[in-house]
2 protein chains.
Amino acid sequence: MSDTQDVLFRTLADPTRRALFERLCREGEKTVGALTARAGVSQPVVSKHLGILKQAGLVRDRHEGRQTHYSAQLGALAPLVDWTSEMAGFWQNRFDQLDDLLKRMDQ
Amino acid sequence: MSDTQDVLFRTLADPTRRALFERLCREGEKTVGALTARAGVSQPVVSKHLGILKQAGLVRDRHEGRQTHYSAQLGALAPLVDWTSEMAGFWQNRFDQLDDLLKRMDQ
DNA sequence: ACAATCCATACCTCGTTGGCTATGGATTTA
DNA sequence: TAAATCCATAGCCAACGAGGTATGGATTGT
């Protein structure tokens, strides 16, 4: 039910947005202009995507004069890691149960 | 660049689809009818979502008479785990406050 | 053979969203 | 002060996608 997972998945589903986030992870803090230069889309589009990433908690911004610096907030990925771990856990449990069952049938 | 990540994120971005996948992870193999009963959407919609999940490699189907059984293919989540790990790696190279996240991922 | 059930496909509709241009506020530079 | 730069917002449009209903093929039950 956790809504944060939904926000994360929806936010990272867009390739342009994911690319922006990846660049911030790889290269660290960047201004909007620097990001726009290699984004392949217009500056307003970059700003909008950064706004969405910010709202999802995946980036934070820092204002310095007339430019805005964005940086990745990797901690926001935790719910995603938790979700995958949970799914893997269920999977493991089912195999344990199957193991159990097979052992019973064996005797 | 990897297109598989894109497919995974896009596929899991939809709540209905994610719910179906979660149920298959939690409860194991299910028929379309059983899934539809609690999905909150119509049967054709469920079938369509299952088709998309299958195309993404997240589920597999098994035909038995007139019904189709679907089950989760958890291995398909690997690219997603890899991606988060990669992002975490970049981040860690720059700073060093990653303990919390790493603990979760270590499980 | 006929009816009923299970599932998938086809088709349509409508809301969401990612892209653009235009514009304006804020700041720096000439 | 005037011009230029940086960024965000607003408004618009086209495309995608998730939902529905209708339908048909395949299988099971009567």
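Reply: Begin with a term. Buried area is the accessible area, taken with a 1.4 Å probe, that two parts lose on being put together, summed over both. Keep in mind that this is a predicted model.

Me: What area is buried between chain A and chain B?

Reply: About 2800 Å², of which carbon and sulfur atoms give 67%. A:Phe9, A:Leu74 and A:Trp83 supply 20% of the area that chain A buries against chain B, more than any other three residues. In contact terms, 31 residues of chain A meet 33 residues of chain B.

Me: How many salt bridges cross the interface of chain A and chain B?

Reply: The rule finds four. In one salt bridge, A:Arg18 meets B:Asp6 at 2.9 Å, N to O.

Me: Which element gives the most to the side of chain A that touches chain B?

Reply: α5(A), with 13 residues. By class, that side of chain A has 18 nonpolar, four polar and nine charged residues.

Me: Now the sheet. How many bridges join β2 to β3 in chain A?

Reply: Six, and the two strands run antiparallel. One partner pair is A:Arg62 with A:His69. Two residues lie between the strands of this hairpin, where A:Gly65 takes a positive phi near 65°. Strand β1 of chain A is also antiparallel to β3(A), joined by two bridges. There A:Lys30 stands opposite A:Tyr70.

Me: Is A:Thr31 buried or exposed?

Reply: The cut-off for buried is under 20% relative accessible area. A:Thr31 has 17%, so A:Thr31 is buried. Beyond its neighbours within four places in sequence, A:Thr31 contacts A:Gln67, A:Thr68 and A:His69. Strand β3(A) is mostly covered too, with five of its six residues buried.

Technical notes:
Residues are numbered from 1 along each chain as its sequence is written. Chains are lettered from A and ligands numbered from 1 in the order in which they are written. This is a predicted model: local features need pLDDT of at least 70, side-chain atom pairs count only at pLDDT 80 or more; totals for chains, interfaces and linings use all residues. Side-chain values use heavy atoms; hydrogens and water are left out. Buried means under 20% relative accessible area, exposed over 50%, partly exposed in between (1.4 Å probe, protein chains only). Helices (H or I, at least four residues) and strands (E, at least two) are DSSP runs, numbered from the N terminus. Two strands pair if DSSP finds at least two bridges between them. Contact means heavy atoms within 4.5 Å. A salt bridge is a side-chain nitrogen of Lys or Arg within 4 Å of a carboxyl oxygen of Asp or Glu. Ala, Val, Leu, Ile, Met, Phe, Trp, Tyr, Cys and Pro count as nonpolar, Asp, Glu, Lys and Arg as charged, and the others, Gly among them, as polar.
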